[in-house]
Amino acid sequence: MTTLTIWDWEVEKYPLQVGVGVIIGGWTFVKLVNYFLQRSKLKSARVRKRAECKQAKQVLEDQIKQRNISKEVVEEITNLSLSELQSKLKDGTLDVLDVLHAYQAKALECDEKTNCIIEPFKEAEEWAASVKENVSKDSPLFGVPVSLKENYGVEGYDSVYGMSVLIGKPSHEDSVIGQVLRSQGAIPYVRTNVPQTMISWDCSNPVFGATKNPHDTTRTPGGSSGGECALLAGQGSILGFGSDIGGSLRIPSNMCGTYGFKPTVGRLSAKGTHGCTKGQQIVRAAYGPLARDVDGLVTAMKALLVPLMFKLDPTVNPLPFRTEVFEDNRKLKIGWYDNDGWFTPPPCMQRGVAIAKAKLEAMGHTLVPWKPPNATLGAELYVRAMFSDKCETINEMLRYDTLDVCFMIQYTMANIYWPLRRFLVFILHYLMPSLSTGLKAIAGCDSAYDFWNLAVAAEDYRKMVIEDWQSHDLDAVISPGFGCPAIPLKTPALATSAVSYTTIFNVLNFPAGSLPVTKVNAADTANMKDYPTIDLAHKTVKKGMVGAEGLPVNVQCITLPWHEEQCLRVMKDLETALKA
Ligand SMILES: CCCCCCCC/C=C\CCCCCCCC(N)=O
């Protein structure tokens, strides 16, 4: 009888070992082949998607060339404020199509510099014609071109947010915000870039690449509504719409010197929008406007808070815009803080608050020191909620994908094996306490029981902060716009702790807006010599501040839930005082 030998093994002698070996080897081989096949499928999808979007931009560019619209006209139109543009569209001095064409041209110019646009809407021209035909000139957004963050669903377009697995899965309907905007005469014309997963304050992904800051293209525009703010700051948009689950409307506003407003969750509809944390209900995403001035934010809120939105999405609070609250001129008691005790912002951010405080005081308001108690607990609750599923939803989506640098640190921290995590949490507690807290919190929840307790802890935290706020009889609060101004591309993930200035108002679900107050100056950078470098985040910010002169510095205005109009009123007062 002949003996079957495999690599000198005699099968008859070791049948079990050989059998197990063949099964394990075969399984590994199949898994590996599948892994590489899936990866290459996703790579092809990315290549195809990029090519399609590039082609759509090229088609638009060719149309713009044919239209022969002069650079002067483009500048003239795109330099108008929203209220100027509205009145010229209304009285017919400007035509809806000319305005659209000017913004399309300007948007492509911005994109060339910052890579802020994913793609133009092919139907924009058609939509503009329909507005001219069917929408009254008295409608609040008659003929106003608007840009949309990529996670707003638009029929026929896929919302990918940097996850290749979502390519080729288009939305079947428009978001409610998109529908209301169009009913009010607005014309969506481009969709803008975001960071992979949108759980990052940078703005890059493996599908569309990195968006850059128009003030300094070596720096981040912030995120996750980074494409929107880069476009607004470059005058390529007059009104944009984004989302905010940790500062995504306010962080890029701070980095790009634009205006952003995050309402209470449920004031504006989330229906028809996308994101990978939809199942996480402790800290929910808010949707809101981005603009070039406070009036732009107010116009957008007024245009959206209408019966059509309440009908299309009966889950929102049917509260129309309360103009009497926005226009009230009662003097207010406003709390202020420039350090939350969790992350030390650089001097420019503290100077921004000092400027805002002085301006508001000069207007007759009373400013008192106040900060949300226990910012460390606020940060911990935020991270634990965001990763309460132990990152499984995202892990599943990214299984065969290329990981972007903007999400690499969060991903790695969330996926560390538990014995190593425990060890690192213990060691880092003595070396870098905030990183230790973050690493512990990012482990998420072990059970539904654990998740319920987290929900209770978040509720208790909200109650405690509201009580403290009310015991000081505050109408509003001002704070740094973020933990730092724009830092170099690819470095935000190393300074994630700086998000505590914005994430806290997502945990609390308070309305919060961001507006520019000043720019980084030479004294600010010189004062960095005393800046603490206690951990990686502070070190990253200190390094990032080199050469930061001229970058925008924003402040945040915050009010209690559902007091959007009062928040916008404080922003308006501050803007007026700054411009005086
Ligand atoms: C708030 C404290 C951060 C502790 C640092 C360590 C853990 C990092 C984990 C998650 C941070 C998520 C940052 C989200 C920024 C999201 C902006 C947005 N989409 O609204």
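1. The largest cavity is lined by W127, L148, V154, D174, G178, R182 and P188. A cavity here is a set of points on a 1 Å grid over the protein atoms alone where a 1.4 Å probe fits but cannot get out, and lining residues have an atom within 4 Å of a point. The lining holds 4 nonpolar, 1 polar and 2 charged residues. Ala, Val, Leu, Ile, Met, Phe, Trp, Tyr, Cys and Pro count as nonpolar, Asp, Glu, Lys and Arg as charged, and the others, Gly among them, as polar.

2. The volume of the largest cavity is about 40 Å³. A volume is the space filled by probe spheres set on the grid points, which are joined across faces, edges and corners. The count is 1 cavity of 30 Å³ or more.

3. The model is predicted: local features need pLDDT of at least 70, side-chain atom pairs count only at pLDDT 80 or more, and totals for chains, interfaces and linings use all residues. Residues are numbered from 1 along each chain as its sequence is written, and side-chain values use heavy atoms, with hydrogens and water left out.

4. The largest pocket holds about 720 Å³ of space. A pocket is an open set of points with protein on both sides within 12 Å along at least five of seven lines. Its lining has 43 residues, and V383, Q410, M413, T496 and S497 lie nearest the centre. By class, the lining of this pocket has 26 nonpolar, 15 polar and 2 charged residues.

5. Which helices each supply at least two residues of that lining? They are α13 (375–386), α15 (405–415), α16 (418–431), α17 (433–441), α19 (500–507) and α21 (536–544). Helices (H or I, at least four residues) and strands (E, at least two) are DSSP runs, numbered from the N terminus.

6. The ligand takes up the space of the largest pocket; to sit there, more than half of its atoms must lie within 2 Å of the grid points. Of the 21 residues around the ligand, the nearest are M198, I245, G246, G247 and S248, where near means a heavy atom within 4 Å. This shell has 11 nonpolar, 9 polar and 1 charged residues. Its largest share, 3 residues, comes from α13.

7. A polar backbone atom of M198 is 2.6 Å from a nitrogen atom of the ligand. An oxygen atom of the ligand lies 2.6 Å from a backbone N or O atom of G246. A polar side-chain atom of S248 is 2.5 Å from a ligand nitrogen atom.

8. Two backbone details remain. G223 and S224 are joined by a cis peptide bond, with omega about 10°; S224 is in the loop between β7 (209–210) and α7 (226–233). Y161, not a glycine, has a positive phi of about 30°, and lies in the loop between β4 (145–149) and α6 (176–183).

Note on methods. Polar contact = N/O pair within 3.5 Å; in protein donor to acceptor, adjacent residues only side chain to side chain.
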